[in-house]
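Me: I have a model open and would like a close look at one part of it. Could you walk me through that part and then link it to the rest of the chain?

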Amino acid sequence: MKKLGRAFYNRDTMIVARELLGKYLVHVSRGIERIGSIVEDETYLGPHDLAAHSAKGLTPRTKVMFGPPGYAYVYMIYGCITV
């Protein structure tokens with residue numbers, strides 16, 4: 001596996017979203033490697049996309065979306081139970 005560079009993410013949003021599918025996320029903690037495959041993603045087209053959290057502008061929560069490419073914005077969904 002090869003780590004994706006920032007240039008991978010610095011492209012059209014729709015292309016990046018499509019090409020992320022099937023890629024792997026790797027996390028190593030305390031010598032244990034965990035690997036997961038990306039099987040789904042969501043695509044938002046920036047501050048003008050009213051479905052995006054960034055639509056309301058720069059806030060402490062959304063600042064990563066206004067920074068350089070290649071950083072993840074992760075949010076928690078509360079109240080869901082998966083059986």
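Is Y9 buried, exposed or partly exposed, and what is its relative accessible area?

Reply: Happy to look at this with you. Please keep in mind that this is a predicted model, in which local features need pLDDT of at least 70 and side-chain atom pairs count only at pLDDT 80 or more, while totals for chains, interfaces and linings use all residues. Residues are numbered from 1 along each chain as its sequence is written, and side-chain values use heavy atoms, with hydrogens and water left out.

Y9 is partly exposed, with a relative accessible area of 29%; buried means under 20%, exposed over 50%, and partly exposed in between, using a 1.4 Å probe and protein chains only. F8, at 12% relative accessibility, counts as buried. Rings of Phe, Tyr and Trp (its six-membered ring) pair if their centres lie within 6.5 Å; planes under 30 degrees apart are stacked, over 60 edge-to-face, and the rest tilted. By this rule there is 1 aromatic pair. It joins F8 and Y9, whose ring centres are 5.1 Å apart and whose planes stand at 80 degrees, so the pair is edge-to-face.

Now for the wider chain. Its pattern along the sequence is α-α-β-β, with helices (H or I, at least four residues) and strands (E, at least two) taken as DSSP runs numbered from the N terminus. Of its 83 residues, 12% count as buried, and its C-alpha trace spans about 40 × 35 × 25 Å along the principal axes.

Another tyrosine, Y24, lies in strand β1. Together with M1, V26, V28 and I35, Y24 makes a nonpolar surface patch of about 560 Å². Such patches take residues with over 30% relative accessible area and no salt bridge, joining nonpolar side chains (Val, Leu, Ile, Met, Phe, Trp, Tyr) within 5 Å; areas come from the Shrake-Rupley method with a 1.4 Å probe. Strand β1 (residues 24-29) gives the most to this patch, with 3 residues.

Finally, D49 is found in the segment after β2 (32-37). D49 is buried yet has no salt bridge, and the nearest side chain of opposite charge, K56, is 12 Å away. A salt bridge here needs a side-chain nitrogen of Lys or Arg within 4 Å of a carboxyl oxygen of Asp or Glu. Leaving aside neighbours within four places in sequence, D49 is in contact (heavy atoms within 4.5 Å) with T43, Y44 and A55.

Key: Lys, Arg positive; Asp, Glu negative; His and termini not counted. Patch = residues over 30% accessible without salt bridge, like charges linked within 9 Å, V, L, I, M, F, W, Y side chains within 5 Å.
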